Amino acid sequence: MAEKNIRLEVMQAIEPQVEGFMDSFLIPIEEIWQPSDFLPDSEKEGFLESVRELRGDSKELGYDFWVTMVADTITEEALPTYESWLMDVVGIDQHGENKTNGWAKWVRAWTAEENRHGDVLNKYLYLSGRVNMREVEITTQHLINDGFDIGTDRDPYKNFVYTTFQELATNISHKRVGQMAKKKGNTLLAKMCTIIAGDEMRHHLAYREFVKTIMGEDPSGMVLAFAEMMKKKIVMPAHFLRESGGTIGEAFENFSNCAQRLGVYTAQDYVDILRKLNTYWEMEKVRDLSETAEKARDYLVNLPDRLERIAERMKFPEDQYRFKWVEANGMV
């Protein structure tokens, strides 16, 4: 049987479980937080005073911090790309009689939760007065226009490995940005970033469970997909990031150096995530594998130590690249 058909059969076999995954890992719309819960209320008399207070608190945050905030926001706002990509994955069908397909319902519900992240961060950036919003908006439009290629094609196994990894990486980034804001006394931004990080963790746990469930149905196929994704390296969803007048990917490399220098997301974090996934999916204990999958499993088990040695030798530029998004004047 063709590999593609096996994947479709597995996706169809576990589709009835998706409703339970949604109940476990998503929060009902009427109960979950909304951006307006954190931002100044424009209906109230004290709105302008609240904005002045927000702007005052924002002045304590440095240049690298704002670059990271902008890149995090742009990554969140490129959501249309991510939803359209996932809707095209084998087994996720939103058309005709399949419009009630559990996987398609998951993607829509996941997208709805994620949509609030870019919304609240964008509004905060706008009110803070610390960034060039037009440049930020140009970069966001470029990123959606350029799309992305995360190396998964339409393969559900590879896509779920990617989303499991990426949601935890995003959790780490938002959590650390929140911690930095808190240290500077910006409690509002700290709360925003922390609660976004919480959403990302729930989503990570869901995708992690998808992979575990598939492992029970098709262990060899899942292990091979996991190994192939790690051989390619998990790229960030904003890896095509560029500024106005720039080339695809140029801004992402400079942002990555900034994030590494600030300690928001590092090469060591990448290794730590892989170790956690190997542990949760019990890679050392997976049985009933084909000969090729056995070799792939051994590769995955040994990979964290290899990557850690590489991470220890990595060097990153100490000089700050000057982004068009953030004016350097007055920044530290």
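Guide: Let's start with the lining of the largest cavity, which has nine nonpolar, five polar and four charged residues. In this sorting, Ala, Val, Leu, Ile, Met, Phe, Trp, Tyr, Cys and Pro are nonpolar, Asp, Glu, Lys and Arg are charged, and the others, Gly among them, are polar. Before we go further: this is a predicted model, where local features need pLDDT of at least 70 and side-chain atom pairs count only at pLDDT 80 or more, though totals for chains, interfaces and linings use all residues. Numbering runs from 1 along each chain as its sequence is written, and side-chain values use heavy atoms, with hydrogens and water left out.

Rolling a probe the size of a water molecule over the atoms shows where empty space is left. On a 1 Å grid over the protein atoms alone, a cavity is a set of points where a 1.4 Å probe fits but cannot get out, while a pocket is an open set with protein on both sides within 12 Å along at least five of seven lines; a lining residue has an atom within 4 Å of a point. Points are joined across faces, edges and corners, and the volume is the space filled by probe spheres set on them.

The count comes to one cavity of 30 Å³ or more, and the largest cavity has a volume of about 260 Å³. Of the 18 residues lining it, Tyr-82, Trp-110, Gln-166, Glu-167 and Pro-237 are the closest to its centre. Helices α4 (63-77), α5 (79-87), α6 (102-128) and α8 (156-183) each supply at least two lining residues, with α8 giving the most, six. Helices here are DSSP runs (H or I, at least four residues), as strands are (E, at least two), numbered from the N terminus.

While we're on α8, find Thr-164, which sits in that helix. Thr-164 is buried, with a relative accessible area of 0%; buried means under 20%, exposed over 50%, and partly exposed in between (1.4 Å probe, protein chains only). Beyond its neighbours within four places in sequence, Thr-164 is in contact with residues including His-204, Tyr-207 and Trp-281, where contact means heavy atoms within 4.5 Å.

Now for the largest pocket, which holds about 720 Å³ of space. It has 37 lining residues, and the closest to its centre are Lys-233, Met-236, Tyr-265, Thr-266 and Tyr-270. Among the elements giving two or more residues to this lining are α4, α8 and α13, but α11 gives the most, with seven. By class, the pocket lining splits into 22 nonpolar, nine polar and six charged residues.

Arg-297 counts as buried because its relative accessibility is 8%. Its side chain is joined to that of Glu-294 by a polar contact of 2.4 Å. A polar contact is a pair of N or O atoms within 3.5 Å; within protein, one must be able to donate a hydrogen and the other to accept it, and residues adjacent in sequence count only if both atoms are side-chain atoms.

Last stop: Trp-325, in the segment after α13. Trp-325 counts as buried, at 0% relative accessibility, and a polar contact of 2.9 Å joins its side chain to that of Thr-139.
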